[in-house]
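Dear colleague,

I am handing over the structure we spoke about, and below it you will find an account of what turned up when I went through it. Please read the account with the model open beside you.

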Amino acid sequence: MDFNFNSDYILENERVLLRPLQLSDFQNLVNFSINEPELWQYSLQNAAGVDELMKYLQDAIKARSQQREYPFVVFDKIKQQYAGCTRFYDVQLVNKTMQLGYTWYGANFQGTGINKNCKYLMLEFAFEKAGMERIEFRADNNNERSIAAMKSIGCTVEGVLRSNLQRVDGTRRDSIVLSILRNEWFEKVKEMLMNKIQSSL
């Protein structure tokens, strides 16, 4: 197993580049925060607004320093623009598990294939570099777009946690839980996801 919170991991292919999130990325992301507040409709942490975005970045970077999360900023190499953010979280090195989430992209980057490229790179890193045995995904059970995206990359639905988290607006949410296991990655998911990426070129 090879995963170090202090290492600056760069994940990239011909389409996207993921690098560690920094406070200076405020300038790269503030346009989304001001003009696309709907991006955080289902999020557990709101980044819609200048102050909210700064707190979002500070909290993410602090979580990395506490060795709980590893946030990335996403750069679209085709459009030469920053597209959004994603991260590993609930990292449990002893159990060889982590969650993949806090993912959002600006409206112009949604449906372009960038998500599949990011997920491929992150799953490849998690299973083949970091030695993980299980990658978990969660979403608001009402977030149909996110759930469809997770299923499309090969996730298996495990069930729903009822009323387990509080939304930004104070209401309670049911969380759907999905996962990909190490053997599934090597036996089918990796090839399937790569085929989808290549067919979209």
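**Salt bridges**

Arg 134 and Glu 136 are both buried, and their side chains meet in a salt bridge with a nitrogen-to-oxygen distance of 2.7 Å. Please keep in mind throughout that this is a predicted model. Over the whole structure, the search finds 13 salt bridges.

Another of them joins Arg 19 to Asp 25, where the closest N and O atoms are 2.5 Å apart, and here too both residues are buried. The bridge between Asp 59 and Lys 55, whose closest N and O atoms are 2.7 Å apart, has another setting: Asp 59 is partly exposed at 29% relative accessibility, and Lys 55 is partly exposed as well, with a relative accessible area of 47%. These two residues are separated by about one helical turn, because they stand four residues apart in helix 2, which covers residues 50-65. As a general point, an α-helix has 3.6 residues a turn, so residues three or four places apart point the same way.

**The nonpolar core and the aromatic residues**

The largest nonpolar core has 57 residues, and those with the most contacts inside it are Phe 3, Leu 18, Leu 29, Phe 88, Leu 123, Ile 135 and Phe 137. Helix 3 supplies the largest share of this core, namely nine residues.

Phe 3 deserves a separate look. With a relative accessibility of 11%, Phe 3 counts as buried, and, once its neighbours within four places in sequence are left aside, Phe 3 is in contact with Tyr 9, Tyr 70, Val 91, Leu 93, Met 98, Phe 125 and Ala 130. Phe 3 also belongs to an aromatic cluster that it forms together with Phe 5, Tyr 9, Tyr 70, Phe 72, Phe 88 and Phe 125.

The structure holds 16 aromatic pairs. In one of them, the ring centres of Phe 3 and Tyr 9 lie 5.8 Å apart and the ring planes stand at 25°, so this pair is stacked, the limit for stacking being under 30 degrees. Tyr 9 is buried, at 10% relative accessibility. The rings of Phe 32 and Phe 109, by contrast, have their planes at 75° and their centres 6.3 Å apart, so this pair is edge-to-face. Because Phe 32 lies in helix 1 (residues 26-35) and Phe 109 in the loop between strand 5 (97-105) and helix 3, the pair ties together parts that are 77 residues apart in sequence. Phe 32 and Phe 109 are buried.

In strand 8 lies Arg 173, which counts as buried at 6% relative accessibility.

Asn 115 is found in helix 3 and is buried, with a relative accessible area of 17%. With residues up to four places away in sequence again left out, Asn 115 touches Thr 103, Tyr 105 and Ala 149.

With kind regards

Key
Residues are numbered from 1 along each chain as its sequence is written. This is a predicted model: local features need pLDDT of at least 70, side-chain atom pairs count only at pLDDT 80 or more; totals for chains, interfaces and linings use all residues. Side-chain values use heavy atoms; hydrogens and water are left out. A salt bridge is a side-chain nitrogen of Lys or Arg within 4 Å of a carboxyl oxygen of Asp or Glu. Buried means under 20% relative accessible area, exposed over 50%, partly exposed in between (1.4 Å probe, protein chains only). A nonpolar core is a set of buried Ala, Val, Leu, Ile, Met, Phe, Trp, Tyr and Cys residues joined through side-chain atoms within 4.5 Å. Contact means heavy atoms within 4.5 Å. Rings of Phe, Tyr and Trp (its six-membered ring) pair if their centres lie within 6.5 Å; planes under 30 degrees apart count as stacked, over 60 as edge-to-face and the rest as tilted.
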